[in-house]
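Have the picture open as you read.

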Amino acid sequence: MKSAIQTTALMGVMAAVAAVAAAWVYPWPKMVTENAQINKPLFEDYDTSSVRGIEVVAYNEDTSQIDRLRLRRKGERWVIAQKSDFDVTGGDRVIEITKALNGRTVLEVTSDSQTDHVKFGVVDPADANSATSRSSLGTRLELTDRNRKPIGSLIIGRAVKNKPDNHYVRVSGKPTVYTIEFDDSILSADFSKWTSPNLLGLPTSQNSQRLLSTVDVSKYRMTAADKKEEVYEINFAVKGEPARMGVASARAGGEEIETSKVPAPFFNSVVQTLFQLQISDVVNQSKSAVDALRSKVDASKETSISELQKGGFFYRQWKDEGHQFDAANGKVSLGMSDGIRYHVLVGGIANQVGSSDSLKLLYQVMLTADVDSSGFAEPEKPADFDKDEASKKAYLREVKERDLLIELAGRQAAEFNRKHSMWIYVMDETVIKGLFPELEISP
């Protein structure tokens, strides 16, 4: 009897050991459910063409405010909704962000506890007022369809230590924190990141047939609507052999100075800045001002044009297929080899963007274009014009070709004015200082 009891007890001990071993080697059903999410997509795949709205919400450390950027698709264009539908021109960023939630594979289920949201930096930025630490706020990305229904919404938190390509994230409204691979450099609620700084559309390829032919830098201050206090005026033009851009004339304080006294870095600063006209904000022009700026007649009597004086822009006349302005703090004009001349007009001080506490001054800027017909050489009329039919035809053909080139330049200038007439651009003093470098005259 005792032997039977001992045998039964021994078998019980062995069964308990086996059960513990099985629990160690094989996870319970609950663990199977949790781990089933690993290596699976966080969102169902979607067609990127179905994305019609994008919203990025992020905490701005510089302003201590929550920035919210809303984009929407308008036909074939993407526009910034809260900036009067200003066109998105910031390269491929919008393409990357429309597909940002596709193929996001779960690498790890990091936490199921809401109390860990602070630790992993995935607190919804909309909850900033109740957040214990601003560093705990993540960046929220939300994609919507044409009916404004969510395609997906994700809060991206801190990068994983020693793995900068991996981030802690969570689906908006859900507690679980995951680890996924995500490039957070595409996320920004900063308006300037979504716009191209090459506002003038200058050629970026060395093989371009469009070349700079002149650059005129006029730094002055308007003391009244018709009074100008000159600081300097430096004119650059292509000259020499081989052809290079050099100083054609120079004035400082109203007096001519030797061109050799203009330092070489001066030109480089101006041209580099013309390619990098970084926008801080835009202000929508009134419809009447837009209509006047797009017209091809003198607009000096238009009330809306007169109103531009408040922003530091002083209308002069209609000339050379464009409206001519002076500006409160000077202008930079550049002529292209195709006859188009662009003007960057720097007006008065602008209001600070949002509630920014930045110490940088902001300036109002207008962009206009006209035609410099002097860039097209007039054909020389042959002496035997009335006698030689062949010479006459050749001359008339050259005249017609010149007229067509001027007409083409006029159409391109009109298109530039049509596009930019809608906006007053806001740029910070870093851009303005690049356009107007300090002129230190060497003895």
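## A pair along helix H8

Arg411 counts as partly exposed, at 49% relative accessibility. On this scale, buried means under 20% relative accessible area, exposed means over 50%, and partly exposed is in between (1.4 Å probe, protein chains only). Its partner is Glu407: the two form a salt bridge, with the closest N and O atoms 3.1 Å apart. To count as a salt bridge, a side-chain nitrogen of Lys or Arg must lie within 4 Å of a carboxyl oxygen of Asp or Glu. Glu407 is partly exposed too, with a relative accessible area of 43%.

Why are Glu407 and Arg411 separated by about one helical turn? They sit 4 residues apart in helix H8 (residues 389-420), and that spacing is why. Helices here (H or I, at least four residues) and strands (E, at least two) are DSSP runs, numbered from the N terminus. As a rule, an α-helix has 3.6 residues a turn, so residues three or four places apart point the same way.

## Where the model comes from

A quick word on the ground rules: this is a predicted model, so local features need pLDDT of at least 70 and side-chain atom pairs count only at pLDDT 80 or more, while totals for chains, interfaces and linings use all residues. Residues are numbered from 1 along each chain as its sequence is written, and side-chain values use heavy atoms, leaving out hydrogens and water.

How many salt bridges does a search of the whole structure find? It turns up 21. One of them joins the side chains of Asp85 and Arg72 (2.5 Å, N to O). This pair links distant parts of the chain, 13 residues apart: Asp85 is in the loop between strand S3 (77-80) and strand S4 (86-87), and Arg72 is in strand S2 (residues 65-74). Asp85 is buried at 16% relative accessibility, whereas Arg72 is partly exposed at 34%.

Salt bridges can also join up into a network, as they do for Glu55, Arg68, Asp124 and Arg140.

## One face of helix H6

Now for helix H6 (residues 287-294), whose buried residues are Ala289, Val290, Ala292 and Leu293. Looking down the axis of H6, you'd find them within an arc of 165 degrees, so they line one face of the helix. That arc is taken from the directions from the helix axis to the C-beta atoms.

What covers these buried residues? The cover includes helix H7 (303-307), strand S16 (322-327) and strand S19 (362-371), where contact means heavy atoms within 4.5 Å.
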